[in-house]
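Work through each task before reading its solution.

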Amino acid sequence: MKFLAPFIFLTFLLFEVKGQFVPALFIFGDSIVDVGNNNDLVTLIKANFPPYGRDFVDHEPTGRFCNGKLALDIIAEKIGFTDHQPAYMSDKANGEMLLIGANFASAASGYYNATAILYNTISLSQQLENYREYKNKLVDITGKSNASSRISRGIHLISAGSSDFLQNYYINPLLFTTYTPNTFSDILLNSYDHFIQNLYELGARRIGVATLPPLGCLPAAITAFGHGNNHCVARLNNNAISFNNKLKHRSQRLTRRLSKLKLVVLDIYNPLYTLITEPAENGFAEVRRACCGTGLLETSILCNQHSIGTCSNASQYVFWDGFHPTDAANQILADKLFNSGSSLIQP
């Protein structure tokens, strides 16, 4: 094996020099990508208890809002990471583990800082401050030059906006009587614009941002806003589509303004909508109800080991709880997202 060592090292070096090697991932946003940053917060929005994580490594809950892997976990594995980026607020986020990046996301946060304040979670603004702190730690570990290289060549992923609508705007009369969905979208996008510029100033050059999913098709959304109808709520989906179109235009403007920025919009809406509207073709049997509990509303503390009716085989379900896909659905969604964001991995 000794004679292979120089060859393996040279191959690795050439791979990295060509710019195809992604040294780190940095994740921001909400429960779709949170891997446990809410675990020690005084908030109801957490998932560090069974049955969450029952199909994850060692069948242990980690704070992921899923029975198993998030789409994010699968994407990281596809890129080549053998370890998951640690939740920045966890004990694992120290020493050499910080070299592969970190996850700053917090469930029930969003582009609108008041959403996180409402649920006592970590706002996107605070996530950015945590990222600044992380960067200083990285400099201490590797030196300024190496840290800057790791940041610029690393991929930054953002998933936000769903909580702003479903857990704030639609249920908050102070918002929905003041703003139309269109004007509220503009507020969110101004925050997004500011966030991207701040990331860029801190050295980020490769950024992927996820669109909103089909909000009106989530089991909890149908229960809450469907007026007894078991079909997707068109009004919510139309708002998501409108937001996503604006997100694409705003991202194009940012790319033109920030010359070294590679910014890719990752479409989650259409792949998830396809799973929902064509479940049998994708190997699923149930889409209206989630696996956990009754499957109509439960999420977070309402999805627990005493929830009555939790399914035995989550692979037959598109949704694990009222808001979040199952591991099986995430496997398919990750493939779609990875393909749409492949340019971020290129030099």
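A charge sits over a ring if NZ of Lys or CZ of Arg is within 6 Å of the ring centre and within 35 degrees of the ring normal. The model is predicted.

**Exercise 1.** Which ring does the charged end of Arg205 sit over?

Solution. The ring belongs to Tyr200, and the charged end of Arg205 is 3.9 Å from its centre. A further case is Lys78, whose charged end sits over the ring of Phe338 at 5.7 Å from the centre.

**Exercise 2.** Classify the aromatic pair of Tyr52 and Trp320, and locate its two members.

Solution. Step one: the count of aromatic pairs comes to 23. Step two: in the pair of Tyr52 and Trp320, the ring centres are 6.2 Å apart and the planes make an angle of 65°. Planes over 60 degrees apart count as edge-to-face, so the pair of Tyr52 and Trp320 is edge-to-face. Step three: Tyr52 lies in the loop between β1 (25-29) and α2 (71-79), while Trp320 lies in the loop between α11 (269-277) and α12 (327-340). The pair links distant parts of the chain, 268 residues apart. Step four: both Tyr52 and Trp320 are buried.

**Exercise 3.** Are Phe165 and Tyr169 buried or exposed?

Solution. Step one: Phe165 and Tyr169 form an edge-to-face pair, 5.9 Å centre to centre with 75° between the planes. Step two: buried means under 20% relative accessible area. Phe165 has 0% relative accessibility, so Phe165 counts as buried. Tyr169 is buried because its relative accessible area is 3%. Step three: ring pairs link Phe165 and Tyr169 into a cluster whose members include Tyr111, Phe184 and Phe243.

Notes: Residues numbered from 1 in each chain as written. Predicted model: local features only at pLDDT ≥ 70, side-chain atom pairs only at ≥ 80, totals over all residues. Heavy atoms only, no water. Phe/Tyr/Trp six-rings, centres within 6.5 Å; stacked < 30°, edge-to-face > 60°. Helix = DSSP H or I, 4+ residues; strand = E, 2+ residues; numbered from the N terminus. Buried < 20%, exposed > 50% of the residue type's maximum accessible area, 1.4 Å probe, protein only.
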